[in-house]
Amino acid sequence: SLEGHTNRVTSVSFAPDGKTLASGSGDNTVKLWDAASGAQKSSLEGHTGDVNSVAFAPDGKTLASGSDDRTVKLWDAASGSQMCSLGGHIP
């Protein structure tokens, strides 16, 4: 088991190469894990609400996360850096 989130896990997604697993949580974070060892690679912070969805781009270089804060954030999967935030989503 992969331990590190402080609230429920709401979404998981494997990178296309199968080497990285992303998890989204009610603790407002996305975490990236080494799928082979289970080690946490990084914690992506920036959402202010539960993260309900995570998905890798087909090339595995970008990760998208959707949140109750009404934003979709795009992350560089290698560095964990936030690339942009897409707002304006209405409930």
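This is a predicted model: local features need pLDDT of at least 70, side-chain atom pairs count only at pLDDT 80 or more; totals for chains, interfaces and linings use all residues.
A polar contact is a pair of N or O atoms within 3.5 Å, and within protein one of them must be able to donate a hydrogen and the other to accept it. I'm jotting that down before anything else, as I need it below.

**Entry 1**

I looked up where D50 sits, and it is in the loop between β4 (40–45) and β5 (51–56). Buried or exposed, I wondered about D50? D50 counts as buried because its relative accessible area is 17%, and the cut-off for buried is under 20%.

Next I checked which residues D50 touches, skipping its neighbours within four places in sequence. My list reads R8, S25, G26, N28, G66, S67 and D68. Along the sequence, R8 and D50 are 42 residues apart, yet their C-alpha atoms lie 9.3 Å from each other in space. Their side chains are joined by a polar contact of 2.5 Å.

**Entry 2**

I found an open sheet of four strands, ordered β5-β6-β7-β8, with antiparallel pairing. Which strands are at the edges? They are β5 and β8 (82–86), each pairing on one side only. On average, neighbouring strands here are turned by 20° against each other, ignoring direction.

Then I zoomed in on one pair. Strand β6 (residues 62–67) runs antiparallel to β7 (residues 72–76), and five bridges join them. In that pairing, S65 stands opposite K73 in β7.

Definitions and conventions. Residues are numbered from 1 along each chain as its sequence is written. Side-chain values use heavy atoms; hydrogens and water are left out. Buried means under 20% relative accessible area, exposed over 50%, partly exposed in between (1.4 Å probe, protein chains only). Contact means heavy atoms within 4.5 Å. Two strands pair if DSSP finds at least two bridges between them. Axes are lines fitted to C-alpha atoms, for helices over the stretch in contact, and angles run from 0 to 180 degrees between N-to-C directions.
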